[in-house]
Structures are given as structure tokens and as C-alpha cells.
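Reader: I'd like to understand what stands behind the words used for this model. Could we take the terms one by one and set each value against its definition?

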Amino acid sequence: MDKKWLPLTITLGVAGVAVVAASVWPDDVEKPPLPQSLCHGALSRETAQLIDDGQGSGEVSAGAWESKVGTTDSAVLKECHVLRAGQDGAERRGVYKLVVEETRSATGTKKHSVPLGSGFTGWALPDRAEVTLPTGCAARIGSTAPHITASLEVPSQDEERLYGRGEEPPVAPDTATRNNATVMREVATRLAERYDCSDTG
């Protein structure tokens, strides 16, 4: 079996933090920032740019981490933060987070969310979204969990935070929801294609 399909290896780190040694996005395949893809191929640059925080449309890049904090039923396989370049030489800022992790059950539904569309198990809201990869992807990735789920967090669209500050969302909720759904459909499609499990669901 190719080394990139090796089962997940969990090793204890400092202060109870575990590091995933082999993961959904093998480090020997791609490393961000890249000209055409981000988060190790989970997103095209064009799709990654759809999510905006209202602070300018600087060039996107990404930073990725492999970690698990605490003791939970699901182990984080990979976490990726999509960044945008600041204006006038300002530092890059985080725009949203994408986490791919093992789960015991497929994605359910959330109140007021919209489905991702035919062929996808997931939902989208203005500030969050989730999608479950096709059945069989977990085994192809090297996980013994029943499912692999990708989740998205967009802090700039967090309604509770905005309400507390008396601020309006930077992007209209309907538009933000559509953009999040597009991002999650691409994540599921590209990762399923990479791990050859597109037709197993």
C-alpha cells in the first residue's frame, strides 16, 4: 500500500496535545501557499476566495496544522486556516477555518441551514457549514472511523458576535450561505477524487 494511505498515527505531545503523524493531506503531496490550490488541494484558489470578511480582497494563502487537543471521540486529522494579504503591507489575516476530522456519524442538519445539493451530505449557514465525505473515504484515507467530515467556520459572519457589537455582517447572509455551500461542495469533491472514493457513496 502506498505510504500516503498509512493509518493515522497519534503521538502524544507537550501539554496533552496529540499530533497526527499521517493525515488526510499528506505533506509530501502539496504545501500551501500554492498558485492553484489551497489546503493541500481541498480548494481551488478561485473557490477559496469566495468567502470574504469585508476587510479587502487581498491574495489568499493558507496555513495548515495537524493536531488534537483534549480527549474527544473524534480526532482532528487536519486543520487549515485560509488567510488574506492585508492592505499597505499589513500582515496576513485569518478569514476562515476548515477542519477535516473523523466522526462517528454523518452530518445531520442545522436549524435554518440550507442543504448542499444533490449528491452531498451536509448543510450551510452564513458562518458555518459541514459536509461528510462519501462512504468509503475514511478507509481510503487510513481511518478506522465510520465517517470523515469537513467543517467550516467563518468568524466574520458570526451572528451572535455581530449582534453583541451592534454590527452588520460584512456579507449578506444569503450570499455568505451560498458561498459556504460552494466551498464545502468543492472540498468534498476534491478530497473524494484525491482518495479515489468518489463513487463509493
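Reader: Which residue of S12 is the bridge partner of Val-131?

Author: In this predicted model, the partner of Val-131 is Ala-150 in S12. Numbering starts from 1 along each chain as its sequence is written. Because the model is predicted, local features need pLDDT of at least 70 and side-chain atom pairs count only at pLDDT 80 or more, while totals for chains, interfaces and linings use all residues; side-chain values use heavy atoms, without hydrogens and water.

Reader: What makes S11 and S12 a pair of strands?

Author: Two strands pair if DSSP finds at least two bridges between them. Strand S11 (residues 128-132) and S12 are joined by 5 bridges and run antiparallel, so they meet that definition. The strands themselves are DSSP runs (E, at least two residues), and helices are runs of H or I with at least four, all numbered from the N terminus.

Reader: Which other strand is joined to S12, and by how many bridges?

Author: Strand S8 (residues 93-103) is joined to S12 by 7 bridges, again antiparallel, so this pair also passes the requirement of at least two. Within it, Glu-101 has Thr-149 of S12 as its bridge partner.

Reader: Why is S12 described as mostly covered?

Author: In S12 (residues 147-153), 5 of the 7 residues are buried. Buried means under 20% relative accessible area, exposed means over 50%, and partly exposed lies in between (1.4 Å probe, protein chains only).

Reader: How do you know that Cys-39 and Cys-80 form a disulfide?

Author: A disulfide is a pair of cysteine sulfur atoms within 2.5 Å. The sulfur atoms of Cys-39 and Cys-80 are 2.0 Å apart, so the pair qualifies. The angle about the S-S bond is -65°, a left-handed link. Cys-39 sits in the loop between strand S3 (37-38) and strand S4 (43-44), and Cys-80 in strand S7 (residues 76-84), so the link ties together parts that are 41 residues apart in sequence.

Reader: Are Cys-39 and Cys-80 buried or exposed?

Author: Cys-39 has 0% relative accessibility and therefore counts as buried. Cys-80 is buried too, with a relative accessible area of 0%.

Reader: How many disulfides does the whole structure hold, and what pattern do they follow?

Author: The search finds 2, and counting bonded cysteines along the chain gives the pattern 1-2, 3-4. Besides the link of Cys-39 and Cys-80, there is one joining Cys-137 to Cys-197, with an S to S distance of 1.9 Å. The link of Cys-137 and Cys-197 is right-handed, with 95° about the S-S bond. Cys-137 belongs to helix H2 (residues 137-141) and Cys-197 to the segment after H4, 60 residues apart. At 1%, Cys-137 is buried; at 0%, so is Cys-197.

Reader: What makes H4 reach close to its expected span?

Author: The expected span is 1.5 Å times one less than the number of residues. Helix H4 (residues 173-194) has 22 residues and reaches 31 Å from its first C-alpha to its last, close to the expected 32 Å. Its buried residues include Ala-176, Met-184, Val-187 and Leu-191.

Reader: What is the largest nonpolar core made of?

Author: A nonpolar core is a set of buried Ala, Val, Leu, Ile, Met, Phe, Trp, Tyr and Cys residues joined through side-chain atoms within 4.5 Å. The largest one has 36 residues, and Cys-39, Tyr-96 and Met-184 have the most contacts inside it. H4 gives the most to this core, with 7 residues.

Reader: Which residues is Tyr-96 in contact with, leaving aside neighbours within four places in sequence?

Author: Contact means heavy atoms within 4.5 Å. Under that rule the contacts of Tyr-96 include Leu-43, Ile-51, Cys-80, Leu-152 and Pro-155.
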